[in-house]
Amino acid sequence: MTQAEILVPLRGDASDLDLLQQGLALADVVDAKVASVFAQLDPTELMAWSADGAFATTSASLIQSARDGNDQAWSEVKSRVDALASGHPGLTVERVIGLQDRLLARRAALSDVVLFACETARGKTTISPVFEALMMDAHAPIFIPRSSMSQLTGTALIAWDGSVEAGRAAKAALPLLRKAGKVIIIQSVGALDDEGKHLSDPTRLQDWLSRQGIKAQVDLLDASKDAATEILKACTAHGAGLLVAGAYGHSRAREFVFGGVTRTLLKTTSTPSLLLCH
């Protein structure tokens with residue numbers, strides 16, 4: 001019997017417990033295990049360039065102090081997670097030390113979905129750059145909980161434009177789509193690229209879902225209006241508990257940059273839970 005893995009990167013504060021509780025609730029829906037990971041920067045990476053280009057490093061005592069601080073932070077994180085795991089035997093926690101985005105991308109490579117808090121996805125927390133890296137560079141499926149996990153067995157919407165990103169999102173969402181009471185493919189024709197437009201036909205996705213044992217209906221949105229606004233209106237109209245979508249944009253010097261529709265979905269707190277793929 002296969003079992004999915006939900007990966008939860010931790011911030012290192014008390015808010016981690018709320019996110020882990022949401023991860024455990026999601027795991028109950030899709031029969032998965034929850035693995036949490038706390039990534040810390042190696043103090044030896046704390047280096048700076050002087051004005052004349054010479055390489056300057058922090059002193060050995062400062063490096064040791066930083067290591068001691070890392071150890072204390074890890075001890076607190078492990079204590080919190082271990083206490084929660086006493087009632088949830090499948091919950092695990094691990095520590096990685098180095099460049100956070102690179103290490104977490106490698107750790108997420110064999111996970112089925114990565115869970116991030118809404119605030120992190122909006123660029124409001126210390127690990128928001130990690131969220132961007134996993135989304136944009138590692139192409140990891142990202143789940144952002146925004147509503148009760150019980151709503152995941154209600155209506156799920158798939159924003160479909162035939163893109164590679166939307167296809168990845170649909171595939172990653174299969175375990176959740178199989179649990180949904182109703183699946184609706186939504187599409188704004190006005191937002192489609194002209195090239196290969198026939199490949200964006202929602203019936204292609206409808207047929208594919210049918211082969212996965214999922215019956216889906218199609219809802220075409222008002223093509224004359226803003227796609228992001230219409231998607232949000234559809235979520236409200238259908239009482240959706242989940243929105244599945246491809247993520248668009250680009251990463252530039254680790255800035256938090258996404259395309260218009262994705263940016264709107266990330267910044268709007270009233271949307272249902274999101275599953276995004278780039």
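I began with D13, which counts as partly exposed because its relative accessibility is 29%; buried means under 20% relative accessible area, exposed over 50%, and partly exposed in between, with a 1.4 Å probe and protein chains only. Its partner R11 is also partly exposed, at 28%, and the two side chains meet in a salt bridge with 3.5 Å from N to O. I noted the rule, by which a salt bridge is a side-chain nitrogen of Lys or Arg within 4 Å of a carboxyl oxygen of Asp or Glu.

Before going on I wrote down that this is a predicted model, in which local features need pLDDT of at least 70 and side-chain atom pairs count only at pLDDT 80 or more, while totals for chains, interfaces and linings use all residues. Residues are numbered from 1 along each chain as its sequence is written, and side-chain values use heavy atoms, with hydrogens and water left out.

How many salt bridges does the rule give? I found a count of 7, and a network of salt bridges links E5, E94 and R107. In another pair, K233 and E230 come to 3.4 Å, N to O; they are 3 residues apart in helix α9 (residues 227-238), which means about one helical turn lies between them. I looked up their accessibility too: K233 is partly exposed at 43%, whereas E230 is buried at 8%. Helices (H or I, at least four residues) and strands (E, at least two) are DSSP runs, numbered from the N terminus.

On a 1 Å grid over the protein atoms alone, a cavity is a set of points where a 1.4 Å probe fits but cannot get out, while a pocket is an open set with protein on both sides within 12 Å along at least five of seven lines; lining residues have an atom within 4 Å of a point. The largest cavity has a volume of about 40 Å³, and its lining includes P9, F38 and Q100. Strand β2 (32-40) and helix α3 (100-108) each give two or more residues to this lining, with the largest share, 3 residues, coming from β2.

Last, I looked at the second largest pocket, with a volume of about 330 Å³. Of its 17 lining residues, A4, V30, D112, A172 and P175 lie nearest the centre.

Technical notes
Grid points are joined across faces, edges and corners, and a volume is the space filled by probe spheres set on the points.
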